[in-house]
Amino acid sequence: MTFPQGTEADSVRRTATFPIPQRAGIIFFRQVSRSTRGFFRSIGSRTYFTREMVRAFREGRTWMPLTIAQARNIGVDSLPLVFTVAAFIGAVTAFQTFYQLFPGAQLSAVGWITRQSIVLELGPLLTALVLAGRVGARMTAELGTMRVTEQIDALETLAYDPVAYLVVPRFVAAMLMLPLLTIIANATGIFAGYLISIAATDVTHNDFVSGLRLTFDRFQIVYGLIKATLFGAAISLIGTYEGYITEAGAEGVGRSTARTVVISSVIILLLDALTALYLAQYLQS
């Protein structure tokens with residue numbers, strides 16, 4: 001049987017024309033087909049966008065002067081939030097660790113577990129998740145608003161490369177600032193854990209410090225910074241892409257912003273698992 005020529009909607013037989021017993025299966029398979037096509041279309045679109053971003057790195061005169069301003073927006077403006085989150089996480093980690101120790105355990109374990117938890121996992125991961133909501137959503141809202149108000153089209157009219165002007169500075173700034181924010185978060189979390197341990201538990205200064213030094217290796221710091229760099233790249237790439245393709249006015253900006261937070265969070269967790277899978281073996285003392 002052949003279908004008449006025309007658009008896809010015209011050339012596909014409507015579900016309502018099939019017998020009722022067949023409709024449930026047809027609806028299911030058509031939804032799976034649409035979802036599969038949409039998934040691969042999304043991958044292709046993101047790949048093309050990434051290629052354009054790599055090409056735009058050649059426009060150094062365009063994106064270099066703008067990177068400093070983006071670094072301030074991403075890094076300096078996020079410091080209060082990073083300090084707050086890291087301090088609470090460090091204090092809670094140390095406090096919970098103390099009360100989970102079995103009788104007779106050395107109190108230096110509090111410092112060791114606090115350091116390992118924050119430096120290897122909680123510091124980079126929670127910093128990235130928090131910034132996915134603050135920085136990623138901001139990137140999408142900014143670029144999405146520019147898209148729906150045709151400011152991006154105006155840049156092209158003025159012979160500016162919009163990818164080099166809008167995307168590359170945010171990408172470079174995020175990759176530079178996320179590791180720095182992670183270092184600050186690690187230091188803040190460990191210091192907060194130290195303070196709560198000394199003030200609210202039986203852990204002494206010597207106990208906590210000896211635990212911090214126990215089995216310490218420099219690669220533990222590098223491991224966390226590798227994670228932070230990957231997280232920064234993911235947040236900026238997803239945030240700028242979703243904003244760049246925004247459609248349908250203010251409603252479209254809202255949808256793109258929500259999609260950025262969800263996708264960024266999932267990708268961060270996925271990258272965290274993959275990093276642990278391939279690099280955790282090098283953390284053995």
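Let's start with Thr201, which counts as buried because its relative accessibility is 11%. Buried here means under 20% relative accessible area, exposed means over 50%, and partly exposed is in between, using a 1.4 Å probe and protein chains only.

A quick word on what you're looking at. This is a predicted model, where local features need pLDDT of at least 70 and side-chain atom pairs count only at pLDDT 80 or more, while totals for chains, interfaces and linings use all residues. Residues are numbered from 1 along each chain as its sequence is written, and side-chain values use heavy atoms, with hydrogens and water left out.

Back to Thr201. You'll find Thr201 in the loop between helix 7 (162-200) and helix 8 (205-213). Helices are DSSP runs of H or I with at least four residues, strands are runs of E with at least two, and both are numbered from the N terminus.

What does the side chain of Thr201 have beside its polar atoms? The backbone oxygen of Ser197 is 2.4 Å from a polar atom of that side chain, and the backbone nitrogen of Val203 is 3.3 Å from one. Both are polar contacts: pairs of N or O atoms within 3.5 Å, where one must be able to donate a hydrogen and the other to accept it, and where residues adjacent in sequence count only if both atoms are side-chain atoms. Leaving out residues up to four places away in sequence, Thr201 also touches Phe95, Phe98 and Ile196. Contact means heavy atoms within 4.5 Å.

Now, two other loop residues. Glu150 sits between helix 5 (108-148) and helix 6 (151-157). Glu150 is not a glycine, yet its phi is positive, about 65°. With 54% relative accessibility, Glu150 counts as exposed. Thr215 lies in the loop between helix 8 and helix 9 (218-244). Thr215 is not a glycine either, and has a positive phi of about 50°. At 36% relative accessibility, Thr215 counts as partly exposed.

Let's zoom out to the whole chain. How many helices and strands does the protein chain have? There are ten helices and zero strands. The chain is more spread out than a compact globule, because its radius of gyration is 24 Å, well over the 19 Å that the globule rule gives for 285 residues. That radius is taken over C-alpha atoms, and the rule is 2.2 Å times the number of residues to the power 0.38. The C-alpha trace spans about 80 × 60 × 35 Å along its principal axes. Finally, buried residues make up 39% of the 285 residues.
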